[in-house]
Amino acid sequence: MGGFPAQRPRRLRGSAAMRSLVAEHHLAPQRLVLPMFVKEGLASPSPITSMPGVVQHSRASLVDAVGEAVEAGVGGVMLFGVPSERDARGSAGTDPDGILNEALADVAAAVGESCVVMADTCLDEFTDHGHCGVLDAEGRVDNDATLVRYVDLALAQASAGASLLGLSGMMDGQVGAVRAALDAAGRTDVALLAYSAKYATAFYGPFREAVDSALKGDRRTYQMEPGNRSEALREVALDIDEGADAVMVKPALPYLDVLVDVVAAAGSRGVPTWAYQVSGEYAMVEAAAANGWIDRERAVLETLLAITRAGASTVLSYWAVEAATWLRRG
């Protein structure tokens with residue numbers, strides 16, 4: 001009969017079963033990583049006001065929460081430490097009895113091979129000035145002196161039980177320095193996630209509260225300029241050449257164009273690309289949902305799907321456990 005369409009894409013949208021069958025991209029719990037905070041001296045979890053539902057854990061509550069994440073099917077946990085004392089060198093980060101290293105040992109002992117135990121290998125949580133590196137006499141972040149401290153951090157975290165280190169400081173040469181030190185120490189088994197394209201963004205705001213940040217000023221001299229896209233590919237190439245096992249784009253949703261580029265470039269060399277759905281992305285959705293402006297569950301899953309659709313093989317998200325639970329529920 002003339003005048004009617006021969007092609008009808010709607011035929012593949014007619015039922016939930018059909019839509020699932022032909023979907024180009026799917027979320028999977030094991031592709032999600034939960035970032036978690038552990039604070040020295042806490043007896044019980046402490047809420048983070050700018051990130052509703054997220055807490056600073058005590059050592060005991062952290063282990064319990066990791067167990068819940070594993071039960072939900074989450075693929076890994078990324079741990080951040082909040083010490084009670086800080087200094088200019090971030091000494092608490094390399095102290096074997098420091099909060100993060102103790103927590104890594106706790107979690108590694110509790111979950112074993114059930115999920116990937118990851119550590120944030122950076123100084124910002126541990127320095128009294130809040131920067132990701134040590135400062136020179138002029139108050140500037142000293143790149144090469146910081147690499148020495150990153151090596152110490154990496155060795156301490158690997159010894160504590162981390163099987164993947166998240167190199168998030170954006171220092172030039174950090175991947176090569178850490179890889180060489182780990183290999184020399186016989187720790188060729190420890191994987192490196194390079195935060196290759198980490199931008200100086202406004203979306204890190206709530207994270208500052210989560211780690212009780214002491215930062216004054218900004219990190220624009222070492223994190224990437226938000227207007228730059230092709231520069232990310234240079235950073236990725238350098239990190240892969242230095243031995244990165246995976247690369248990262250951070251933040252995720254505001255930088256999907258960068259994510260697409262990085263996926264193509266890293267993928268051509270057989271290296272997976274991860275993305276970090278950061279604290280500001282989380283807080284925006286939570287605030288809108290709390291006001292009744294959006295459907296919270298649908299919005300959360302849609303943001304995660306968008307990041308996956310752009311090519312990320314793994315997503316760090318504060319919703320990891322909830323999203324995994326929803327996905328398993330169907």
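Reader: How many helices and strands does the chain have?
Author: Helices (H or I, at least four residues) and strands (E, at least two) are DSSP runs, numbered from the N terminus. On that basis the chain has 12 helices and 10 strands.

Reader: And how compact is the chain?
Author: We take the radius of gyration over C-alpha atoms, and the globule rule is 2.2 Å times the number of residues to the power 0.38. For 330 residues that rule gives 20 Å, and the chain's own value of 20 Å is close to it, so the chain is as compact as a globular protein of that length.

Reader: Where do these numbers come from?
Author: This is a predicted model, where local features need pLDDT of at least 70 and side-chain atom pairs count only at pLDDT 80 or more, while totals for chains, interfaces and linings use all residues. Residues are numbered from 1 along each chain as its sequence is written, and side-chain values use heavy atoms, leaving out hydrogens and water.

Reader: Which strands does β5 pair with?
Author: Two strands pair if DSSP finds at least two bridges between them. With β4 (residues 76-82), β5 pairs in the parallel sense over 4 bridges, and L79 stands opposite A119. T121 has L167 as its bridge partner in β6.
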